[in-house]
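Welcome! Please take a look at the model below, and then we will walk through its parts together.

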Amino acid sequence: MQPDQSIKPDRNLALELVRVTEAAALAAARHIGRGDKEAADQAAVDAMRQVLDTVAMDGVVVIGEGEKDEAPMLYNGEHVGDGTPPLVDVAVDPVEGTRLTAMGMPSALTVIALSERGAMFDPGPCVYMEKLAGGADIVDLLDLERPLTETLALVAERRGASIRDLTVVMLDRPRHHEQMAAVRAAGARVRLIVDGDVSACLLAASENSPVDILWGIGGTPEGVISAAAMKCLGGQLLGRLWPRDDDERERAVAAGYELGRVLTKDDLVKGNHVFFAATGVTDGDVLQGVRYGRGGVATTESLVMRTRSGTVRRISARHDRAKLRELNAGFDI
């Protein structure tokens, strides 16, 4: 008996998902610089949820806003879409960079990734993971078991450059201070970010980028979303679970997680039917943020990708805010 191909996401869902990230970005953008990150996140969640339910798919949120008791919408395990095939896993970050949005800082995004059902890694109790990511030309050089400074030397040699020409992007956190010092001592540069390592991962995999590698300990959910993007871009993301304390370590081991194992993008997101969409909320290196023009017009820039075709699209859109408010009653966009 032949398998039912309708259960797999064959059409380009990413072109439908960009409507989801655009709606979330437009809603979150009304809160840029207003100092309330919870309000920005809630606005994005509400807008994303409403548009998601119009997409023809039977989706289950694997990476969401938390467990059901902590998130009224887009919680882990929630069903989204109109309930028709294909059957898919969904990972969302309604605002990657809520603090960036609230403070009017660069590089906040709205993000969604999708794959066939059962393909996405469930982080379980593990909130953080160590990550290493880079572009397609250095995939074979990335190794979490090797000192980062040695990897940088190999990347410099591969690219015909000096290690002094390389830049590592990492979150500005005390836990990274030792590695920052080592990178600088080796001659390379460090670019620190306040938040937003999905955006930084995209930057590390992009051509003509100001950074060469992403390294750091950040969110495991963001690692899964970044892995989906890397599968589309041809780069690599390696991750190793990083328990925050003994209790989290014990719960992870009891749940069967191998804490020392290095996970590749194909471990984090299996299969070849992977879609990714992101829309800029605030201006950044990867995407332009939401901008407002005369006559009630807003513009957005989005990145839309698909593994099966390898196509990467940039979509610039012009939105009539009055018409969108009529279609999405109750939303301030």
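Contact here means heavy atoms within 4.5 Å. Helices (H or I, at least four residues) and strands (E, at least two) are DSSP runs, numbered from the N terminus. Axes are lines fitted to C-alpha atoms, for helices over the stretch in contact, and angles run from 0 to 180 degrees between N-to-C directions.

This is a predicted model, in which local features need pLDDT of at least 70 and side-chain atom pairs count only at pLDDT 80 or more, while totals for chains, interfaces and linings use all residues. Residues are numbered from 1 along each chain as its sequence is written, and side-chain values use heavy atoms, with hydrogens and water left out.

How confident is the predictor? The average pLDDT (its confidence in each residue, from 0 to 100) is 92 for the chain, and 94% of the residues score at least 70. Over residues 1-6, pLDDT stays under 50, and the model has two contacts beyond four places in sequence for them.

Let us turn to the sheet. It is open and built of five strands in the order S7-S6-S8-S5-S9, with mixed pairing; two strands pair if DSSP finds at least two bridges between them. Strands S7 (189-193) and S9 (236-241) are at the edges with a single partner strand each, so one side of each has no neighbour in the sheet. From one strand to the next, the twist averages 20°. S6 (residues 167-171) pairs with S7 in the parallel sense over five bridges, and Met170 stands opposite Leu192 in S7.

| Helix | Strands touched | Angle to S8 |
|---|---|---|
| H4 (residues 148-158) | S5 (128-134), S6, S8 (213-219) | about 145° |

Asp197, Val198, Cys201, Leu202 and Ala205 in H6 meet residues of H7 including Ile225, Ala229 and Leu233.

Finally, two details of the backbone. Pro85 and Pro86 are joined by a cis peptide bond, with omega about 10°; Pro86 is in the loop between S2 (79-80) and S3 (87-96). Ser107 has a phi near 80°, a positive value in a residue other than glycine, and is placed in the loop between H3 (98-103) and S4 (109-116).

Notes. pLDDT is the predictor's confidence in each residue, from 0 to 100.
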